[in-house]
Every structure is written in structure tokens, then in C-alpha cells.
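Please have the structure open as you read.

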There are 2 protein chains.
Amino acid sequence: MSSYICYMDYLLPEQKMDVEGIFHNLSEDKKSSITDMDAHIKRFKEDTRLDRIAYFKDGQEFSEKVYEMVDKMLQAANIDVKKVTYIMCGNEHLFRANHVSTIHSLQADFGFSNSMILPIMHPCAATLCGLKIADKLLEEDKYILIISGCYWENVEDRYIGFTMRGDGVGLTLVSSHGELKVCDNKSLNYNNAVYDIHGAMRHDPSLSRMNLIQKGSEFLVESMKQYKCNEKTIRKIIQPNAGYSVFHDLYSYYAKVNPELFYYDNIADGGHMCDIDIIRNLKDYMEQQEINKGEYLMIYTPDVEPTFDINYYSSLLQKV
Amino acid sequence: MSSYICYMDYLLPEQKMDVEGIFHNLSEDKKSSITDMDAHIKRFKEDTRLDRIAYFKDGQEFSEKVYEMVDKMLQAANIDVKKVTYIMCGNEHLFRANHVSTIHSLQADFGFSNSMILPIMHPCAATLCGLKIADKLLEEDKYILIISGCYWENVEDRYIGFTMRGDGVGLTLVSSHGELKVCDNKSLNYNNAVYDIHGAMRHDPSLSRMNLIQKGSEFLVESMKQYKCNEKTIRKIIQPNAGYSVFHDLYSYYAKVNPELFYYDNIADGGHMCDIDIIRNLKDYMEQQEINKGEYLMIYTPDVEPTFDINYYSSLLQKV
């Protein structure tokens with residue numbers, strides 16, 4: 001069955017912290033690995049164009065904001081909670097932060113009594129992974145709810161080299177009708193770990209990041225080919241807020257697309273919030289720009305495993 | 001499309017460790033919480049009837065055994081690897097142990113080039129969760145491979161109060177044909193956490209375990225009702241090796257079924273190995289007993305979240 005995004009929403013916490021503040025609050029151990037802190041921060045900010053991240057003050061605020069978002073969705077979308085057949089989610093915070101599983105709690109408290117929780121542990125791509133299997137799992141007149149939520153308790157976990165992680169909540173409601181049709185999807189799991197299973201080195205560790213970008217660019221090209229689209233027929237590529245130059249300079253170079261095809265407006269404020277980035281950017285872009293019926297948008301995200309193996313996803317969306 | 005288990009296999013590591021050895025190797029901190037160690041071990045062994053767990057000597061052995069199992073499956077089932085459309089898995093060890101994602105590695109090394117990795121993070125129920133959605137995801141003449149694998153690096157993680165965790169590997173291959181039909185499935189996510197999202201206590205912590213068993217027994221009864229089966233028409237209920245008396249005395253009492261309906265033969269040797277238990281017990285039972293065409297078996301497992309929320313699953317299987 002064809003699936004449509006019939007509702008999407010996101011929330012950024014009110015509290016903000018400057019990039020400088022995060023660097024200065026790193027552990028002495030992490031700080032000592034940075035030779036010239038001021039120069040490092042300057043370069044990081046130039047590369048990423050990230051100014052500040054958004055954060056929840058504690059796990060309780062995180063859970064309560066997820067509840068607020070679900071409540072708001074139920075009122076806005078005006079759906080029967082009993083018609084939601086799956087609650088998909090990909091962030092372990094939703095199962096553990098604040099000593100509760102916010103997902104199990106909300107399933108019970110909002111009465112999603114005909115739903116099955118499906119935890120898809122690709123934190124940065126669960127929404128896109130969910131969209132990829134939604135057309136097979138969706139039934140007539142039913143809904144699939146995809147929830148994304150990030151809450152990093154420890155400031156140490158926010159700085160991940162090429163970007164900084166922020167907190168947030170995102171919701172996507174999929175159904176057999178709506179304004180945004182999920183026309184097609186593509187995924188690729190890429191074995192990019194430094195070691196093989198016998199412990200032998202497969203490539204120099206410094207290559208992992210470059211592989212991520214090169215293979216990602218290749219994946220973008222292959223996606224467009226599969227979707228029979230090109231940069232003229234796609235209005236925008238919505239990618240994660242994981243840095244400016246990586247998309248503006250590298251992806252555009254390798255994929256041979258206009259750098260302006262990517263969306264940069266939300267990079268400065270918030271930080272990388274797993275796949276909430278995609279929902280945020282997609283929603284904001286569609287509100288900022290008049291998208292005509294029939295026009296196409298592409299969403300793209302890589303999910304990077306701790307081993308540096310990568311799960312790439314893209315979807316072609318059409319305004320209907 | 002109706003789905004069938006067309007191949008299943010499991011592997012227990014050769015190395016074994018006595019229950020006593022694990023207790024004596026616990027940290028001083030954990031040991032000090034046990035007042036009378038000898039009495040505690042005696043009671044634990046009487047309750048669980050667990051003698052020893054099986055363990056891999058390191059992460060490399062774990063990954064290599066997963067490879068051996070996949071290799072064995074490909075030879076035995078004689079399938080085209082390109083026809084496997086999903087590789088499902090639920091244990092984080094498969095993504096992180098040994099600094100590699102064994103799943104991403106094997107997908108590349110065995111040439112599963114048309115498959116999508118779907119990580120279902122219900123470690124103790126990923127196989128049953130996979131079976132529940134398999135009929136929707138499976139395509140004609142295609143396969144879904146479900147891989148389970150446990151490797152607990154730290155002896156501390158093995159003792160979890162009511163049982164001990166062992167290591168192992170399990171494989172289930174689902175297709176549109178085979179000897180074991182997946183007739184029906186049921187799942188229930190149960191909000192059993194001690195706290196609500198606002199931090200208020202929902203029930204006394206000591207009740208969580210009893211809730212798990214009582215709700216599980218209720219779920220068993222509801223499953224049989226949905227399957228239009230009863231203890232006379234089900235040959236066996238295959239449950240995890242997570243203790244003897246919990247099933248023999250408690251589940252049978254609450255669900256009002258004959259204690260001999262459950263399967264106990266593998267409890268003593270191996271330890272609880274997530275959902276590998278189900279594959280192991282099902283395979284062994286079917287090899288030990290003559291199951292006639294048309295006869296039914298039921299598989300059941302609860303997956304317990306760190307918060308004590310529970311994901312219950314059952315499936316009705318029929319020998320065809």
C-alpha cells in the first residue's frame with residue numbers, strides 16, 4: 001500500500017549551550033587531545049557553522065516533552081489512537097532515559113492499545129528505515145507512528161568530532177493518505193569498519209570518515225538514478241544538520257550536484273539530533289517555501305554505527 | 001504472504017562454566033549483597049535447575065562462529081544469497097563485540113547484496129518479533145534471515161538475579177515454503193516500570209518480577225484463545241531457558257496449564273541465551289520427538305527492558 005506522511009512535528013528544547021561552552025566542559029582527558037583549543041573551536045565552527053546546541057534540563061523534561069508532542073499530534077491529526085498499529089523508534093533514550101521507557105509509558109497512557117512497539121536501532125535513520133518498510137506494514141485506514149527522541153545526559157557524549165549532538169523530539173505519522181507521498185526508498189548497509197572479524201585491519205582508521213562521505217555521495221547518485229530524478233527535478237535534498245562544509249563542499253563535489261540543493265538553514269542552532277534533523281528540516285523547508293503539487297523532495301541520512309559501519313537511507317517524497 | 005521457517009540452527013560454545021564459578025567471580029560489591037553465598041547458590045540451583053553456562057572465549061570466536069553458522073546454513077539450505085531481502089537481528093553484540101559489526105561484515109563477505117539490515121532491539125524476542133512482521137515483509141521466492149547472537153564479555157553481566165546468561169548463536173530462515181508454518185502471532189508491550197515519566201512510583205519495585213510472570217501467564221492464555229488452541233491441541237510450549245520453577249510452578253499455576261506442556265530439557269546446560277533459547281529448544285524438541293504433520297507447537301518469550309517494561313511475543317507453528 002502506498003504510504004504518505006500525514007503529520008510531522010518536532011520540538012527543540014528551550015535551553016541552549018554555545019559550542020564554546022561544550023568544548024570547555026569536556027573532560028580533562030578529552031581536552032588534552034586538542035592541542036590549541038581556540039584554534040580548534042574556530043576551525044570547528046567554520047567547518048560546521050554550528051553555534052549552539054539545544055538541550056533538555058533533565059530526563060523528566062525529555063519524557064514530558066515527548067508526551068506533549070504526542071498529545072499535540074493526537075489533537076491536530078484527530079485520529080483514533082486505536083488505529084495506530086505500530087510505534088517505531090530508534091533512540092535508546094526513549095527506552096531508558098529518566099529510568100522509564102517513555103515509549104512503553106506513552107503507549108499505555110495514551111491508549112495505543114492496538115499498536116506494536118518496533119524498536120529499529122538505527123538512531124540516525126530510524127524514521128527513514130521506518131518509511132522504507134511502512135508501505136509493507138501499513139494497513140488500510142491505519143497509522144504508523146515513528147517517534148525520535150534524543151537526550152544526552154553527559155556533555156561528553158555531545159562532541160563527536162565532526163559535529164555536536166543536541167536534544168530534541170520528532171514525530172512522523174504515516175498513513176494511506178496525506179499531503180506528502182512516499183514514492184520510493186533506498187537503503188544500503190556499508191561495511192566500513194576498520195577491522196574484519198578476525199581482527200585484521202581493513203583500512204587505515206583515518207579513511208573511515210572519507211569513506212562515509214564518498215560512499216554517501218555515491219549512494220545519493222544511485223538514489224536519484226533509482227528515482228529517475230535529477231537535480232533539476234528535485235526541489236531540495238533534506239540532509240542531517242551534521243555540518244556545513246561536508247555537504248556544501250564534499251558531497252556536492254563527489255555527487256556532482258549544486259551545493260544549494262542541500263538545506264543549511266538549521267545548522268547553526270540546535271546541533272545534530274539524530275533523525276529529528278530530517279523531520280525538522282523537512283517541515284521547516286516546506287513551511288518556508290511554497291511547494292507545488294507534484295514537486296519532489298528527497299530526504300537522505302547516513303546512520304553511523306560505533307564501528308563506523310554505515311546504514312544509508314534515502315526517500316523520494318512528492319507533494320500531492 | 002504466509003511465512004514458514006525453512007531452516008533453523010543454533011550453536012553453543014564449547015567452553016562451559018559452572019554456576020558456582022560465576023557466583024564466586026562476581027565483584028566484591030555484588031558478592032557482598034548476598035548474605036549466605038552457599039545457601040544462595042543452593043537455592044538458585046534448585047529454583048533454576050541451571051548447572052553451567054556456555055561461553056565464547058573472546059569476541060573473535062563469537063564473530064567467527066556466527067560466520068560458520070551462516071556458511072553452514074547456505075550449504076544446507078542451498079539458497080541464492082541474493083534472495084535474502086532482510087537480515088534481522090536483536091543483540092547489540094552482533095553490532096559491537098570484537099570492535100566489528102559481525103552483521104555488516106557478513107552481509108558484505110557472504111554477498112547478501114539485496115538485503116536490508118533491520119535491527120530489532122528486543123534482544124530476547126527479536127526472532128519472534130521478526131516472525132510477527134515476516135508475513136508482511138516477505139516476498140514470493142525470497143527469504144528473511146534472522147540472526148541472534150550473544151557474547152557477554154563481562155562475567156558481571158551474566159548473573160541477572162533469576163537466571164544466568166550464556167553465549168550462543170541462533171539462525172532462523174523464513175520463506176514462503178518450509179516444514180514449519182507460522183500460523184499466527186501475538187505481541188503485547190506491557191508498561192511494567194516502577195516509575196512513571198514524572199518520577200512517581202507506580203508500584204513497589206518488588207512487584208515487577210511477579211507482574212512479569214502474572215501478565216505473561218495471562219498473555220499465554222490470551223494467545224491460546226486467539227489461536228483457537230488449548231493445551232490438548234498444542235503439542236508443546238517452547239519457552240526460554242530462564243528457570244525451571246518459574247514455568248513449572250508459577251506460569252502453569254496462573255495460566256492453568258499442565259506444567260509438562262513446557263519444555264525443560266535444555267535448562268541445566270548453557271544458560272539463558274536471549275531468543276537463541278527458543279531456536280535451540282524448538283529444534284531439539286522437534287528432533288527428539290516425532291511431530292506429525294498438522295500438529296501445533298507454540299513458542300513464547302518475554303523480552304524484559306532495563307526498566308522492567310516487557311515485550312511479550314508468541315507464535316503458533318504448525319508442522320506441514
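The report begins with the interface and then turns to the rings.

This is a predicted model, in which local features need pLDDT of at least 70 and side-chain atom pairs count only at pLDDT 80 or more, while totals for chains, interfaces and linings use all residues. Residues are numbered from 1 along each chain as its sequence is written, and side-chain values use heavy atoms, with hydrogens and water left out.

**The interface**

Counting heavy atoms within 4.5 Å as contact, 44 residues of chain B touch 44 residues of chain A. Together the chains bury about 3,700 Å², 62% of it on carbon and sulfur atoms; this is the accessible area (1.4 Å probe) that two parts lose on being put together, summed over both. B:His104, B:Met116 and B:Ile197 supply 19% of the area chain B buries against chain A, more than any other three residues.

**The aromatic rings**

Over all chains there are 34 aromatic pairs. Rings of Phe, Tyr and Trp (its six-membered ring) pair if their centres lie within 6.5 Å; planes under 30 degrees apart are stacked, over 60 edge-to-face, and the rest tilted. Here are two examples:

| Pair | Type | Centre to centre | Angle between planes |
|---|---|---|---|
| A:Phe110 and A:Phe112 | tilted | 6.4 Å | 50 degrees |
| B:Tyr251 and B:Phe262 | edge-to-face | 6.3 Å | 65 degrees |

Is B:Tyr251 buried or exposed? B:Tyr251 is buried because its relative accessible area is 3%, where buried means under 20%, exposed over 50% and partly exposed in between (1.4 Å probe, protein chains only). B:Phe262, at 1%, is buried too.

Technical notes:
Chains lettered and ligands numbered in written order.
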